[in-house]
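Student: I would like to learn how to read a structure feature by feature. Could you take me through one?

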Amino acid sequence: MEHGKTTTIKLILGLQSITSGKVIINGYDIEKDFTNAIKKVGAIVENPDMYMYLSGYQNLKLVANLYKNINNERIDDVVKLVKLEKRIKDKVSKYSLGMRQRLGIAQAILHKPNLLILDEPTNGLDPEGIKEMRELLKVLASKEKMAILISSHNLAELDNFCNKVSIIKNGNIIETSEISKIKQEASKELKLFKVDNVIIAKKIIDKIEIIDNNNFKLNIPEEEVPEIINKLVENGIKIYEVKKEEKTLEDAFFEKTGGNIIE
Amino acid sequence: MNKLIKNELIKIFKKKTIYITMIIVFLLIIFMNCMFKFANNSNYSVYIYSENYISSLEEELSKLNPEKSSDVTLYINIKSELELNELMNKYKDSEWKLSIINERISPFITEKNTYKYGAEKNEEQVQKISNEMDSLIAKLEQNDWKYFASQDLENANSTIEELERQKQQTEDTEILKSLDIEIENAQIDKEIALYRLEKNIPYGTDYLNRALTNLKTASSSIIEYENQNKELEYEEKKEYNDALEVKAESKYILDTGIDINKTDSLKGILQNFYSQFGIFLIVVIVMIAGTIVSEESNKGTIKLLLVKPYTRNKILLSKFITTLIMIAFVIITTIIMQILVGGILFGFESLEVPVIAYNFSTNVLEEINIFMYLGIQTLTQLPMIILLGTLAFAISTIFSNSALAITISLLGYMSTSIINQLIIGYNLSYMKYFVTMNWDLSQYLFGNLPSMQGMNITMSIITCIIYLLVMLIPTFIIFKKRNIKNI
């Protein structure tokens with residue numbers, strides 16, 4: 001199902017015409033002042049489509065030609081940053097998908113953009129590739145001071161990568177905030193208890209939700225926790241552990257979207 | 001903008017396609033040059049039958065009975081053919097003798113056999129014709145071709161005398177006029193016989209003989225057109241002009257002895273460069289123009305370009321300008337290849353021979369340096385090449401389909417002559433603004449009359465520019481508005 005991730009990116013980059021609303025990058029309207037708006041933006045849309053018959057270096061050189069002040073040293077630096085030094089003179093047609101993805105990032109950051117837009121950057125990468133990508137993006141964000149916009153449906157990945165998320169459902173943004181906040185909100189009231197006997201506990205407090213022989217869940221605000229503990233102790237139940245439930249982004253996502261099928 | 005064009009050129013020249021196509025063009029040029037070099041010029045020896053064919057003819061002849069009225073015509077034909085062939089075989093080493101046998105003796109053979117075997121048998125006639133033939137053959141034996149030429153001259157002179165005599169016997173202006181025309185025609189024969197004797201041109205099929213034949217045909221049609229009572233139609237005017245051109249050229253050939261239409265020389269091939277190699281140029285150019293945008297659209301690399309700080313108009317314009325640069329590149333490279341291949345096969349010295357062009361407005365022949373001539377030809381062909389390239393460019397941009405773009409453009413090129421013939425043939429004067437009528441400017445060269453009445457070079461150039469804009473403007477608008485599809 002198309003929820004509009006790629007479309008959103010295309011709208012931002014001026015690859016698709018905007019029917020209503022505005023895209024403003026660095027203070028310039030993408031429709032009215034395209035060249036200024038796009039000047040400090042780097043992007044990979046969908047796949048990292050590079051010129052297959054050229055070498056990685058030639059591909060970068062083509063991009064460098066189109067901007068002012070990109071010298072060969074900058075190209076070398078970027079190649080080192082994306083760890084392609086060894087294969088940069090090879091034809092792109094011989095690259096693996098992960099290498100192409102990194103070359104795509106290299107061409108996108110060559111002109112030191114302050115906004116880097118990536119469409120599913122880990123799509124088709126192996127676990128090692130994903131790890132490398134994550135590290136690379138962290139370096140870019142911290143050292144090169146880029147804002148990075150990633151679209152993805154891989155929530156575990158975003159959980160690792162991002163500070164802030166927007167959830168899009170059927171083309172509408174239903175939530176935009178810090179990841180930690182979203183997770184926090186979703187797990188606000190849920191507490192997990194580990195005890196020796198849940199059956200007895202159930203008799204004392206009937207609101208509890210049994211998970212297995214030793215664990216149960218309870219939906220109560222923080223202030224009520226001591227009271228519950230007291231009750232359990234009074235009835236001779238041994239408490240091994242009490243903790244707040246740590247929700248993943250995925251849980252939060254389903255909570256927000258109502259568990260709809262995602263694209 | 002310059003940077004965009006530079007990148008486009010890098011992309012084209014880093015691809016193998018351009019090299020492969022140029023190598024194929026190079027091989028085709030070598031092949032065609034070899035054909036010009038080793039192709040047999042037609043001559044009468046090709047009319048000599050093979051042994052097998054002769055024996056089959058003889059076998060057929062033996063089955064026929066000349067006494068039967070149903071067989072007799074065929075019998076005479078085969079018999080005459082065999083006799084003619086025997087005679088030609090005897091003199092097959094001499095071009096002029098074959099020519100004489102073919103043109104002058106062969107009617108006698110048929111006539112003789114008709115009297116010998118036909119319905120009206122006449123021994124006396126047979127004898128008379130045989131004697132005449134023998135005397136002609138005797139001249140062949142004596143290697144005396146001038147005899148035949150002087151005969152021609154005598155015949156022409158006596159015809160003229162006879163006609164002059166007839167002229168004095170009549171007062172009727174109509175008859176006088178027709179006699180005058182006949183005299184003029186006889187004078188052409190006389191002129192040709194004189195040329196033959198003076199310039200020492202034995203009979204045959206070489207360029208001098210061709211010039212003589214052309215001179216005769218052209219002069220007769222000139223006389224015909226000049227003596228017409230009514231105003232000449234446009235088509236007739238064009239034919240009259242063409243005849244004037246052929247006459248002037250033939251005379252030039254006979255006077256100087258230079259074969260200006262020689263095809264097996266570097267200059268001769270270069271002179272006809274666009275008619276021989278035009279199709280190769282168009283194929284390569286259309287291929288480049290038909291892929292420069294659609295390939296990137298289909299492979300998704302267009303997105304790389306479109307998110308760079310350049311407007312879409314600039315990106316498309318840079319691709320169009322690149323196409324124009326490639327047109328120049330392909331033309332120049334092909335010409336250089338031809339000069340090298342032709343020079344190695346035929347020698348470079350023919351480059352010093354000027355091209356002879358007939359100027360229709362001044363009625364004189366002009367000598368033009370071959371490179372100058374080639375340059376002029378290139379300019380006249382450019383509108384067509386650019387328009388076809390633009391057509392491929394526009395279709396490939398709008399439909400993102402290279403195959404469609406290339407096919408349509410090539411079809412356009414190949415159907416040009418048919419379309420033009422139809423338009424001229426049916427005299428569809430409202431079609432004179434159609435693009436194929438206008439994109440070949442060579443029709444205006446040297447004061448020639450254009451393909452259709454009412455056309456002129458300014459109009460043609462404006463028409464071509466309008467067609468160019470009609471193709472380009474929608475292409476730019478569509479490209480600018482286009483949403484980039486997911487791949």
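This is a predicted model: local features need pLDDT of at least 70, side-chain atom pairs count only at pLDDT 80 or more; totals for chains, interfaces and linings use all residues.

Student: Let us begin with a sheet. In what order do the strands E3, E4 and E5 of chain A lie, and is the pairing parallel or antiparallel?

Tutor: Read a sheet by strand order first, then by direction. Here the order is E3-E4-E5 in chain A, an open sheet with parallel pairing. Strand E3 (41-44) and strand E5 (147-151) of chain A are at the edges with a single partner strand each, so one side of each has no neighbour in the sheet. On average, neighbouring strands are turned by 10° against each other, direction ignored.

Student: How many bridges join E4(A) to E5(A)?

Tutor: The count is 5, and the two strands run parallel. As an example of residues facing each other, Leu118(A) is opposite Ile150(A) of E5(A).

Student: Which strands of this sheet does H5(A) touch?

Tutor: H5(A) packs on E3 and E4 of chain A, and its direction is at about 160° to that of E3(A). Helix H6 (residues 127-143) of chain A lies across E4 and E5 of chain A, at about 145° to E5(A).

Student: What is the strand order in the sheet of chain A that has 4 strands?

Tutor: That open sheet reads E9-E10-E8-E11, and its pairing is antiparallel. Strand E8 (residues 190-195) of chain A is joined to E11(A) by 5 bridges, and Lys191(A) has Lys244(A) in E11(A) as its bridge partner. Helix H10 (residues 225-234) of chain A packs on this sheet, where E8, E10 (215-219) and E11 of chain A are touched, and makes about 165° with the direction of E11(A).

Student: Now a helix. How many residues has H2 of chain B, and what does its length tell me?

Tutor: Compare the span with the expected one. H2(B), residues 16-38, has 23 residues and spans 33 Å between its first and last C-alpha, close to the 33 Å expected at 1.5 Å a residue. Next, look at which residues are buried: among them are Ile18(B), Val25(B), Ile29(B) and Phe36(B). The buried residues of H2(B) pack against helices H1 (2-14), H11 (266-271), H12 (273-291) and H15 (312-346) of chain B.

Student: And cysteines: how many disulfides are there over all chains?

Tutor: A disulfide is a covalent bond between the sulfur atoms of two cysteines. The search of the whole structure gives 0. Cysteines can still be read by accessibility: Cys34(B) is partly exposed because its relative accessible area, 25%, lies between 20% and 50%, whereas Cys464(B), at 8%, is buried.

Student: Where is Asn69(A) found?

Tutor: In the loop between helix H3 (56-65) and helix H4 (72-81) of chain A.

Student: Last, how much area do chain A and chain B bury between them?

Tutor: The size of an interface is often given as the accessible area lost when the parts come together. Here the two chains bury about 2,600 Å², 56% of it on carbon and sulfur atoms. In chain A, Leu15(A), Tyr51(A) and Leu66(A) lose the most area to chain B, together 26% of what that side buries. By contacts, 27 residues of chain A meet 28 residues of chain B.

Definitions and conventions: Residues are numbered from 1 along each chain as its sequence is written. Chains are lettered from A and ligands numbered from 1 in the order in which they are written. Side-chain values use heavy atoms; hydrogens and water are left out. The expected span of a helix is 1.5 Å times one less than its number of residues. Buried means under 20% relative accessible area, exposed over 50%, partly exposed in between (1.4 Å probe, protein chains only). Contact means heavy atoms within 4.5 Å. Two strands pair if DSSP finds at least two bridges between them. Axes are lines fitted to C-alpha atoms, for helices over the stretch in contact, and angles run from 0 to 180 degrees between N-to-C directions. A disulfide is a pair of cysteine sulfur atoms within 2.5 Å. Buried area is the accessible area (1.4 Å probe) that two parts lose on being put together, summed over both.
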